[in-house]
Amino acid sequence: MDMTTTDVRRRLPAVDTLLAHPHVLEARRQYGHRLIRRAVRQTLEETRRELAQPSSTAPDVDELARRVLKQLDELARPASQPVFNLTGTVIHTNLGRSPLAEVAVAAMTEAARHPVALEYDLDSGGRGDRDRLVESLLCELTGAEAATVVNNNAGAVLLALGALGAGREALISRGELIEIGGAFRMPDIMAAAGCRLREVGATNRTHARDYEDAIGEHTGLIVKAHTSNYAVTGFTCSVPETRLAEIAHAHDIPFLIDMGSGALTDFAALDLPYEPQPGDAIGAGADVVTFSGDKLLGGPQAGLIVGRREAIERIKRHPLKRALRLDKLTLAALEATLRLYRDSDAPQHDVPTLALLTRPEADIMATGERLLPRMEGLLADFEVTLTPCASQLGSGSLPVDRLPSRALSWCSRADSRRQRERQIRRLETALRRLPRPVIGRRHEGALLLDLRCLEGAQEEALFLAQLEQLPYLYDTTATQGSEASP
């Protein structure tokens with residue numbers, strides 16, 4: 001080993017020396033001794049690796065202390081970070097989908113702090129059923145005879161198929177063999193549930209006779225899946241749910257509808273695009289309906305299953321039910337959310353997801369007009385304007401319809417396309433490195449920060465307060481980018 005490199009490394013201070021530095025001692029009050037010692041060791045190890053490079057210079061103790069504090073901040077930062085969702089997708093799967101109502105957050109907190117009567121019957125003093133916490137609410141809101149809940153809608157579909165159709169054929173239209181994010185494909189789910197897929201009709205047109213001709217001694221159930229994340233238009237035909245229910249019941253087989261998103265309020269009455277409700281499917285004669293708790297419903301992640309009592313009891317007896325069951329925190333949040341739908345005079349105001357979807361365009365515009373003066377001139381490389389844009393519901397809901405909104409549009413001033421793209425990437429990276437990361441979307445060569453989901457004075461203030469760090473983060477990203485470039 002080169003003696004010069006060895007000598008440079010030997011000039012690094014000992015762990016205890018760095019621990020005694022005034023800035024590190026001050027940080028101990030916030031972080032504690034154990035985490036600080038770990039940060040010091042990691043900092044020294046990383047510095048030793050740097051000094052293995054030729055012509056390296058050992059940093060002084062003050063610089064090392066600064067590195068320790070930066071390492072502490074990274075170690076203490078939770079992986080599940082809150083972010084500003086300025087993508088324009090309100091129910092964003094990658095950003096946690098629907099924000100919860102305050103009453104749901106409070107219910108989760110209470111359930112987390114204390115034992116709860118989860119599977120304990122307070123009337124009899126014996127063992128109870130955790131589904132009872134939400135079953136009556138779901139039945140009241142949908143008109144179903146019975147209900148059960150699992151961890152998500154994919155689990156709900158898997159469980160229902162396995163309980164009702166394992167070992168038999170499941171009939172479904174070719175145009176409804178959906179695939180959603182995360183490689184959830186209806187044919188694969190049917191296979192995993194033990195059903196044999198039987199496609200009927202054509203991709204764009206399926207008729208009642210297609211189902212009737214396909215039914216035989218091995219048919220177990222009829223399945224309808226709403227095409228929530230795409231749209232088939234033009235020369236199309238599908239069979240009404242009431243007709244499918246008649247066909248299924250005439251042959252004494254169950255009829256299952258996977259609704260996907262599952263709204264519990266009349267979207268048309270809120271001036272939003274029409275979305276079918278589980279109650280509609282129950283009214284049409286479906287034996288089982290599955291839908292999500294964390295999409296248009298605006299609650300926690302959950303798969304909700306409602307329907308006829310005999311079918312629900314079969315589903316609850318399936319061995320997978322226990323594997324997919326909900327914990328007490330999710331049940332508490334789900335119950336609080338369902339109570340809002342039952343009791344609130346204006347759920348569109350009390351359920352955050354609905355409030356964001358129905359937020360007036362004028363209100364979004366006013367937010368942009370307050371923010372724009374603080375954006376102008378913040379980064380010399382960019383021109384920032386307030387422009388019209390279109391938000392979307394997200395998570396496979398209403399794929400064609402859009403909601404009018406406003407966005408802060410960041411356009412690079414660079415001459416070449418390559419340089420403009422590089423600057424946009426640097427800006428995206430800098431925004432993600434803010435204390436509360438800001439996530440936007442690219443559109444026609446610009447970075448858009450859709451303001452639909454930036455609501456409330458407190459959120460605005462927090463967004464503005466951290467922007468003073470953006471020029472430094474942008475410049476730092478530029479330096480790192482130039483070093484990495486060939």
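This is a predicted model: local features need pLDDT of at least 70, side-chain atom pairs count only at pLDDT 80 or more; totals for chains, interfaces and linings use all residues.
Q: What is the helix content of residues 9-48, the stretch with a UniProt domain annotation?
A: An unreviewed UniProt entry gives these residues the annotation "domain: L-seryl-tRNA selenium transferase N-terminal".

Q: How are helix α3 and helix α5 oriented to each other, roughly parallel or roughly perpendicular?
A: Let's start with the geometry: α3 (residues 22-31) and α5 (residues 61-76) have axes 10 Å apart and pack at an angle of about 15°. Their crossing is left-handed. Angles under 35 degrees count as roughly parallel. The two helices, α3 and α5, are therefore roughly parallel.

Q: How many nonpolar residues are in the contact of α3 with α5?
A: On the α3 side, the contact uses H23, V24, A27 and Y31, which meet A65, V68, L69, L72, D73 and A76 in α5. Sorted by class, one residue is polar, one is charged, and the nonpolar residues number eight.

Q: Which strands stand at the edges of the open sheet of seven strands?
A: The order across this sheet is β2-β10-β9-β8-β7-β3-β6, with mixed pairing. From one strand to the next, the twist averages 25°. An edge strand has a single partner, so one of its sides is left without a neighbour in the sheet; the strands in that position are β2 (146-150) and β6 (196-200).

Q: Which residue in β10 stands opposite T148?
A: Strands of a sheet pair through backbone hydrogen bonds, either parallel or antiparallel. Here β2 and β10 (residues 303-307) pair in the antiparallel sense, over five bridges. Within β10, the residue opposite T148 is I305.

Q: What angle does the direction of helix α8 make with that of β9?
A: Helix α8 (residues 153-165) packs on the sheet. The strands it touches are β2, β7 (219-225), β8 (255-260), β9 (288-292) and β10. With the direction of β9, the direction of α8 makes about 160°.

Q: How are α8 and α13 oriented to each other, roughly parallel or roughly perpendicular?
A: Helix α13 (residues 309-317) packs against α8 at an angle of about 105°, and their axes are 9 Å apart. Angles of 65 to 115 degrees count as roughly perpendicular. The pair α8 and α13 is therefore roughly perpendicular.

Q: How many charged residues does the contact of α8 with α13 have?
A: L159, A160, A163 and L164 of α8 make this contact with A311, R314 and I315 of α13. Six of the residues are nonpolar and none is polar, while the number of charged residues is one.

Q: Which residue in β15 is the bridge partner of R441?
A: This takes us to an open sheet of four strands, with the order β11-β12-β15-β14 and antiparallel pairing. Its edge strands are β11 (382-391) and β14 (441-443). Three bridges join β14 to β15 (residues 446-450). The bridge partner of R441 in β15 is L448.

Q: Which strands does helix α19 touch?
A: Helix α19 (residues 417-432) packs on this sheet, and its direction makes about 30° with that of β15. Helix α18 also packs on the sheet, touching β11 and β12 (403-412). The strands touched by α19 are β11, β12, β14 and β15.

Q: In which sense does α18 pass α20, left-handed or right-handed?
A: Helix α18 (residues 361-375) and helix α20 (residues 457-465) pack at about 15°, with axes 11 Å apart. The two are therefore roughly parallel. The crossing of α18 and α20 is right-handed.

Q: How many charged residues are in the contact of α18 with α20?
A: From α18, the residues are T367, R370, L371, R374 and M375, and they meet E460, F463 and L464 in α20. By class, four residues are nonpolar and one is polar, and the charged residues number three.

Note on methods. Residues are numbered from 1 along each chain as its sequence is written. Side-chain values use heavy atoms; hydrogens and water are left out. UniProt positions are given in the numbering used here, feature names are shortened, and annotations may be inferred rather than shown by experiment. Axes are lines fitted to C-alpha atoms, for helices over the stretch in contact, and angles run from 0 to 180 degrees between N-to-C directions. Angles under 35 degrees count as roughly parallel, over 145 as roughly antiparallel, 65 to 115 as roughly perpendicular and the rest as oblique. A crossing is left-handed if the near helix is turned anticlockwise from the far one by less than a right angle, and right-handed if clockwise. Contact means heavy atoms within 4.5 Å. Ala, Val, Leu, Ile, Met, Phe, Trp, Tyr, Cys and Pro count as nonpolar, Asp, Glu, Lys and Arg as charged, and the others, Gly among them, as polar. Two strands pair if DSSP finds at least two bridges between them.
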